[in-house]
Amino acid sequence: VPFAGWSLPLQYEQGHLQSHLHTRRHCSLFDVTHMLQTRVYGRDRVRFMESLVVGDIAELKPGQGTLTLLTNEKGGITDDLIVTNTLEDHLYVVSNAGCADKDLAIFRGRAQELQATGSDVHLEVSDNALLALQGPSMARVLQAGLSDDLAKLSFMNSINTTVFGVPGCRVTRCGYTGEDGVEISVPAGRAVELAERLLDAPDVWLAGLAARDSLRLEAGLCLYGNDIDETVTPAEAGLMWTLGKRRRAAMDFPGAAVIMAQVKEKPRRKRVGLTCGHGRGGWCCWPLLTSPCPHVPGTVTSGCPSPSLGKNIAMGYVEMAHSRAGTELTVEVRKKQHPALITKMPFVPTQYYLAK
């Protein structure tokens, strides 16, 4: 299917349901090369990045990364990205494919502004492929091709290493499924070779966009363009945990005044999880009705039948007054109303790995 200018597989021969469950029980390989990978060099690279995002990049230890938000002056979310303070001499940034052009324009514009005032910062767009290996057997499969000890690599940490004989790979323990997993940035010319080596393991299946979407929704993770965009603030999206304490106090990121005012006064709406008792059909941008009130306080932004739970799950935005877990709502679909329940996320417990 077309996706952000790329042609991507929706599913492989096993089908969406089996692919999803296989990832939860074993391991799947996702090709996520469509995502933008950028390296930021120079002694002012941290100041450059912190002028654009809400995260505390300066506090990241060598090899450590964080999910952060690129915000605009109105407090809206321009993109969600992962920024890693590499063990080498640069920051490694992974951005969403659908935001690649606007992110790159913002990065380059700010770099030019800082360079004009004598700052030392410059960008390099990577042409590496990006492979995501996700699931409980990931560590066993990948360890067979590594000299490094994966047991020492915690969630959101990164190393540059050789993987199954392919040098120059960046292995980051992260992913968008809620499972233990890695993303491997690999020189493009050897990506097929590495993918084939990983697929030699019987546990590893290829997985497409359909499984990626249902897995991330079960994990309560946002899809940019659906659940978050430039009209949504971190406070509304329940993403204030991405703001470091120092950054909140300094209020030196785009949209800080708007975002921090919402924190103080409470936003008028909030992102919530929803469940419906059956697993038939799918949810897609269903308007919500509070039952029995006649007005519409919100909208569903993502939804699908959960393969793991056997019921429909969704996330969306409701008025703050109706956002408490356990609140009963009614969703209106094709002029018919169905009961739904506000439910804490993640819907399925996450399995992120923390080294001891």
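Reader: Which residues lie nearest the centre of the largest pocket?
Author: Let's begin with what a pocket is: on a 1 Å grid over the protein atoms alone, an open set of points with protein on both sides within 12 Å along at least five of seven lines, and a residue lines it if an atom is within 4 Å of a point. The largest pocket has 39 such lining residues. Nearest its centre are Ala237, Gly238, Leu239, Trp241 and Arg271.

Reader: What should I know about the model before going on, and what volume does the largest pocket have?
Author: This is a predicted model, where local features need pLDDT of at least 70 and side-chain atom pairs pLDDT 80 or more, while totals for chains, interfaces and linings use all residues. Residues are numbered from 1 along each chain as its sequence is written, and side-chain values use heavy atoms, with hydrogens and water left out. As for volume, grid points are joined across faces, edges and corners, and the space filled by probe spheres set on them is what counts. For the largest pocket, that comes to about 870 Å³.

Reader: Which element gives the most to the lining of the largest pocket?
Author: Helices (H or I, at least four residues) and strands (E, at least two) are DSSP runs, numbered from the N terminus. Those supplying at least two lining residues each are E5, E6, helix H7 (234–237), helix H9 (256–265), strand E14 (269–276) and strand E19 (336–343). With four residues, the top giver is E14.

Reader: How many of the residues lining the largest pocket are nonpolar?
Author: Ala, Val, Leu, Ile, Met, Phe, Trp, Tyr, Cys and Pro count as nonpolar, Asp, Glu, Lys and Arg as charged, and the others, Gly among them, as polar. Sorted that way, the lining has eight polar and six charged residues, and the nonpolar ones number 25.

Reader: Which element gives the most to the lining of the second largest pocket?
Author: This pocket, of about 710 Å³, has a lining of 29 residues, with Phe3, Leu209, Arg212, Asp213 and Leu223 nearest its centre. Two or more lining residues come from each of E6, helix H6 (209–218) and strand E16 (298–305). The one that gives the most, with six residues, is H6.

Reader: How many cavities of 30 Å³ or more are there, and what is the volume of the largest?
Author: A cavity is a set of grid points where a 1.4 Å probe fits but cannot get out. The whole structure has two of 30 Å³ or more. Among the residues lining the largest one are Tyr12, Phe30, His34 and Arg212, and E3 and H6 each supply at least two. Its volume is about 70 Å³.

Reader: Where does Asn72 lie, and which backbone nitrogen does its side chain reach?
Author: Asn72 is in the loop between strand E5 (64–71) and strand E6 (77–85), and it is buried, with a relative accessible area of 18%. Leaving aside neighbours within four places in sequence, its contacts (heavy atoms within 4.5 Å) are Thr78, Glu230, Pro254 and Gly255. At 3.0 Å, its side chain reaches the backbone nitrogen of Lys74.

Note on methods. Buried < 20%, exposed > 50% of the residue type's maximum accessible area, 1.4 Å probe, protein only. Polar contact = N/O pair within 3.5 Å; in protein donor to acceptor, adjacent residues only side chain to side chain.
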